[in-house]
Each structure stands twice: as C-alpha cells, then as structure tokens.
Amino acid sequence: MLAACGGAIPRPSGPRPNYPPATAPTRPVTGPVVQPLPPESALIAGVQAGPPVAALPIGATDASGAFASFRESCPRLTARTDASGLTRADDWRVACSAAANWAGNPAQFFAEYFETVRVGDGRAYATGYYEPEIAGSRYPVAGYNVPVYALPPDLVRARPGDAAPLPNGRMPLGRYDEYGAFTQYYDRAQIDAGALAGKGLEIAWVADPVEFFFLQVQGSGRLIAPDGTVTRIGYAGQNGLPYTGIGSVMRSQGLIGSGPGQYSGSMQGIMQYIRANPAQGRALMEQNRSWVFFKILNGDGPLGALNVPVRAHNSVAVDPRFVPLGAPVWLDLDRREANGMWIAQDTGGAIKGANRFDTFWGSGAQARVTAGGMSGHGSALILVPKGTLARLGLR
C-alpha cells in the first residue's frame, strides 16, 4: 500500500468553470444493499448511469496497459469486499475469467464486459505520484544518517475499551506505555528526535532527510547505494496519526504563489523552500505528524493497496469508499497526459472523497516532474461489471 501518496502536495479541489455537466440528476441508489455501508460511500453520495464504454475514446496503448493491470488485479478483486457498495466480489468473476484468456482488442474487452457509473456529480480532481529514487543504503555508510524504519512491534490497535473506536468502527493505532495505558504513537517530530533509535528497526539509511520525507509521501521508492546497488522499499504501515499536506500549510501562510518570497505549489517548489530555510523547513515537515514505515520489496514494482504492483500510466490511487479497488476508471481532465483509462489499485492518506484520484507515473526524472506538477480537473467515470446498473436500480 502506498500510504501517503496523494501527489507530493495535495492541492485544493475547488470547482473549475465549465465542467462537463452530469447527464442526469444524481440520486441515491434505491436497489438492494447487501452489506452495511460506511457513513461515506458511493451509494450514499449518489450514483447515476454513465455513457456506454464503447462511446469512450479509448486509445489502443491506453487500453492495452489498463487491461494488463486489470488482469493482474483480478485475483484480489474477486476475493475482497467492496467498501463503496457498488459491487460484490462475484460481480467481477465473469470479466476476470474472460480477461485470463482474452487475446483480442483490449478496448473491445472493456466495452463487452463493463458499463459506467458516475459517483456524485462526477467532477474529478487528480494529482500525481511516482516512485522516488534517492541515495540510500541497506548498510550504514558515511553520510547516510537518516534511518528507514521497519514497522515497530509496539505499534498496535487499542483493545476494545482502551480507546474510542474510529468512525469506521476500527480501533485506533497507537501504543501501550510503560503503565499499560493506551496512547498515540510517536509522531514525526518525536521520531526525528530519536524516539525509535536503538530499537533495531533500521532496514536502511538515506542521505537526505528532505528527499526521504517526500519518499514517505509517495509511499515507496528505490534506494541507490554508493556502489550502484538498488533496493526497493515499500509501505509497511503508518503511525496512526493524520496526514497533513505541507503544501496546504505553506499556502495558508502565504508562501505559495508567484510573488516575491513565494514558491511554486509543486513538489519542486516546496523542496526549494525547505532547503532555503532549513529550520523552518524541518518545522514545516514536522507539521505532518504522520510517519510511514517500510519493508524491503523484491518484486518488479512498488505494491499498491491491492498488494499487486502499480504500473506507470496505468495505476491510480482512489478512496475505496467511492471506487472499488481493482475497477477501471475513465478520466477526462484538463491535463491531457492524465486522460484515459486507469485501474484503481492503490489508496493514499491525501486521497479522500468521491472523484479524488492520484495518478501513478513510475520512476525517474520525468516521472518526478510530471507527478510533482500534476493537478487536473474534469470528470470521472467508474467502470463496473455489466449487470451492476440493473442490480442497483439504475436501468
């Protein structure tokens, strides 16, 4: 899971004039619901039927990449509960069975097995994320002094009665102190100050705390050692404290803009401010109390929330309360490079709400630039297995 993706810097998602209007008023679904719904879900937000998949301008390359990622997601997709309430695990079996042996046109596959829905008003906002490459080593090396920690064994969920449940009904994450009382886990400032030092949790060390902060925001990355050795690390867990987008903090302080003394709201602009103002920059980073723990990955790509590799230009992070994980998503944005078919394979601390997306761009310099500057508005459609609309009472 890429815990803190959400692009480098979550940006405001206020309305953009002249969005494509919904084709019909959104309405709550009145069809049968087969499981309790969370307080926020697609069905609560309202769902309406979208256009036929065949009417979407799906390009051949786009369809091919999305098809491969969809097929890779199928074993997970058919074995999990859909928190959005839109689908059931069994709904996906026909499409996934067909995908396993499909040798024809990928665009035709989507047209044959799927129909579209619009959640809420369908007005989408998308950022971007990527897999950073930073200087790091599995072993202590001179100049590599920032520890990368594994998931601590004392990070646990509270026992019933020891804390108030979260809105989703789960018990909160934290730790039990020396007196046996449940309390919140160490925050970023405490961990920066050494709260976890000497506990044997280090799995690697990196050279630059600023680069590592943004790697945590992305949720995975590649560590490049002085001898050229590459180690991929991925999300193992999070300290249970809320994610704060430091770009939003800077904006509230008047530091984002084009005037004198202001910086770009992109990841690159925020890095520039932090490096130009080390003390204030560290304090800014520590306003994001969330801390991500990592594990060593041995596969061919970073793992998303479905525990399958996320793929550049194909994988998108979503809020699973509104989009079934594993579902195809059609984005039509004012950022041409982000338009097309994506597969919902990930989640993120900043990716909350209906029609909020985070597009994955891979690794390397171009991926960093694209993801760091991605901010797209437009419309979104969710592809669901044929028959879903009828079951939900939308046909």
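## A buried pair: Arg368 and Glu211

Arg368 and Glu211 are both buried in this predicted model. Their side chains form a salt bridge, with the closest N and O atoms 3.2 Å apart. Arg368 belongs to helix α10 (residues 365-372) and Glu211 to helix α6, so the pair ties together parts that are 157 residues apart in sequence.

Asp208 pairs with Arg275 in a salt bridge whose closest N and O atoms are 2.7 Å apart. Since Asp208 lies in the loop between β9 (202-206) and α6 (209-218), and Arg275 in helix α8 (residues 267-276), this bridge ties together parts 67 residues apart in sequence. Arg275 counts as partly exposed, at 41% relative accessibility.

Shared partners join Asp208, Glu211, Arg275 and Arg368 into one network of salt bridges. The whole structure holds 14 salt bridges.

## The chain as a whole

Stepping back, the protein chain has 11 helices and 17 strands. Its radius of gyration is 21 Å, close to the 21 Å from the globule rule for 395 residues, so the chain is as compact as a globular protein of that length. Buried residues account for 55% of the 395. Of the contacts between residues at least 6 apart in sequence, 77% join residues at least 24 apart.

## Surface and charge

The chain exposes about 16400 Å², with carbon and sulfur atoms supplying 53% of that area. There are 34 positive and 29 negative side chains, and the centres of the two sets lie 4 Å apart.

Conventions
Residues are numbered from 1 along each chain as its sequence is written. This is a predicted model: local features need pLDDT of at least 70, side-chain atom pairs count only at pLDDT 80 or more; totals for chains, interfaces and linings use all residues. Side-chain values use heavy atoms; hydrogens and water are left out. Helices (H or I, at least four residues) and strands (E, at least two) are DSSP runs, numbered from the N terminus. The radius of gyration is taken over C-alpha atoms; the globule rule is 2.2 Å times the number of residues to the power 0.38. Buried means under 20% relative accessible area, exposed over 50%, partly exposed in between (1.4 Å probe, protein chains only). Contact means heavy atoms within 4.5 Å. Accessible areas come from the Shrake-Rupley method with a 1.4 Å probe; for residues, only the protein chains shown count as cover. Lys and Arg count as positive and Asp and Glu as negative; His and the chain ends are not counted. The place of a charge is taken as NZ of Lys, CZ of Arg, CG of Asp or CD of Glu. A salt bridge is a side-chain nitrogen of Lys or Arg within 4 Å of a carboxyl oxygen of Asp or Glu.
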